[in-house]
Amino acid sequence: MEIISFLFFKDMAKPVSFLTLLSFALYLVGTAGSASSPTDFIKSSCKATRYPELCVGCLSGYASVIQRNERRLALTALSVSLARARSAAAFVTKMTKVRGIKPREYQAAKDCIENMGDSVDRLSQSVRELRRTGRAVGRDFLWHMSNVQTWVSAALTDENTCLDGFAGHLMDGNVKVAIKRRINNVAQVTSNALALVDRFASRHRARNP
């Protein structure tokens, strides 16, 4: 406001110049109080997740696409989760072919592949369903979001179940360590995606009661 007052008294005798400067001053004032950068938006949003540092690391590279859009943020988080789930499934498949793998490890890996396949399917469904919320309102929006939340939650369960076959000390070894590392990372990314989906849904409902 001090900037505006200064311009007013200085440029009263120059109406055209004054209006131009006033508009610019108002723009500066508005900009000073506006939202922060897309990267700051991502960092702030990731605080709602269980693994905020991983969240920022996964999503900051897409800041130019996400901007400050909560739907794009949730959609990007789901897309990253889907990509990692596919990569992890391919990795576990390769692990079944390593030399010296034990029969018990092989069977656990095969079960894990099946679970990861289910996870990939559900995350794919979630991405498609979230895209359909672009113009959805009211009950239609709630129905789409309920589907997304259900499927992402199921995908997370699949990822955690994937490691059940490796439980116990008898399964300890390089195969278990390698697979567990990959699957745990995917599960953490999916957990973060679910938190951002929930955040988007709740904020949308608050703005559109």
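Visitor: How many disulfides does the structure hold?
Guide: There are two in this predicted model.

Visitor: Which cysteine is joined to C112?
Guide: C162 is the partner of C112, with an S to S distance of 1.6 Å. The two cysteines are 50 residues apart and link distant parts of the chain. C112 lies in helix α7 (residues 103–131), while C162 sits in the loop between α8 (138–161) and α9 (174–207).

Visitor: Is C112 buried or exposed?
Guide: C112 is buried, because its relative accessibility is 0% and the cut-off for buried is under 20%. C162 is buried as well, at 2% relative accessibility.

Visitor: And what does C46 pair with?
Guide: C46 forms a disulfide with C55, and the sulfur atoms are 2.0 Å apart.

Visitor: Left-handed or right-handed, that disulfide of C46 and C55?
Guide: Left-handed, because the torsion about the S-S bond is about -65 degrees.

Visitor: How accessible are C46 and C55?
Guide: C46 has a relative accessible area of 0%, so C46 is buried. C55 has 3% relative accessibility and also counts as buried.

Visitor: What is the pairing in sequence order?
Guide: With the bonded cysteines of the chain numbered in that order, the pairing is 1-2, 3-4.

Visitor: Where is the nearest cysteine sulfur to C58?
Guide: That sulfur belongs to C55 and is 7.3 Å away. C58 takes part in no disulfide. The cut-off for a disulfide is a pair of sulfur atoms within 2.5 Å.

Visitor: Buried or exposed, C58?
Guide: Buried, with a relative accessible area of 10%.

Visitor: Switching to helices. At what angle do α3 and α4 pack?
Guide: Helix α3 (residues 38–46) and helix α4 (residues 52–59) pack at about 150 degrees, and their axes are 9 Å apart. Angles over 145 degrees count as roughly antiparallel, so α3 is roughly antiparallel to α4.

Visitor: Which hand is the crossing of α3 and α4?
Guide: α3 passes α4 in a right-handed crossing.

Visitor: Which residues make that contact of α3 and α4?
Guide: From α3 they are I42, K43 and C46, and from α4 they are P52, C55, V56 and L59. The disulfide partners C46 and C55 are therefore among the residues of this contact.

Visitor: How does the contact of α3 with α4 divide by class?
Guide: It has six nonpolar residues, no polar ones and one charged.

Visitor: What about α4 and α9, how do they pack?
Guide: Their angle is about 85 degrees, with the axes 10 Å apart. That makes α4 roughly perpendicular to α9.

Visitor: Which residues meet there, between α4 and α9?
Guide: L54, C55, C58 and L59 in α4 meet N185, Q188, V189, N192 and L196 in α9. By class, the contact of α4 with α9 has six nonpolar, three polar and no charged residues.

Visitor: Which helix is N192 found in, again?
Guide: N192 is in helix α9.

Visitor: Buried or exposed, N192?
Guide: N192 counts as buried, with a relative accessibility of 4%.

Visitor: And what is N192 in contact with?
Guide: Leaving aside neighbours within four places in sequence, N192 is in contact with T49, R50, Y51, L54 and C55. C55 is also bonded to C46 in a disulfide.

Definitions and conventions: Residues numbered from 1 in each chain as written. Predicted model: local features only at pLDDT ≥ 70, side-chain atom pairs only at ≥ 80, totals over all residues. Heavy atoms only, no water. Buried < 20%, exposed > 50% of the residue type's maximum accessible area, 1.4 Å probe, protein only. Helix = DSSP H or I, 4+ residues; strand = E, 2+ residues; numbered from the N terminus. Axes fitted to C-alpha atoms, helices over the stretch in contact; angles between N-to-C directions. Parallel < 35°, antiparallel > 145°, perpendicular 65-115°, else oblique. Left-handed = near helix turned anticlockwise from the far one by under 90°. Contact = heavy atoms within 4.5 Å. Nonpolar A, V, L, I, M, F, W, Y, C, P; charged D, E, K, R; others polar.
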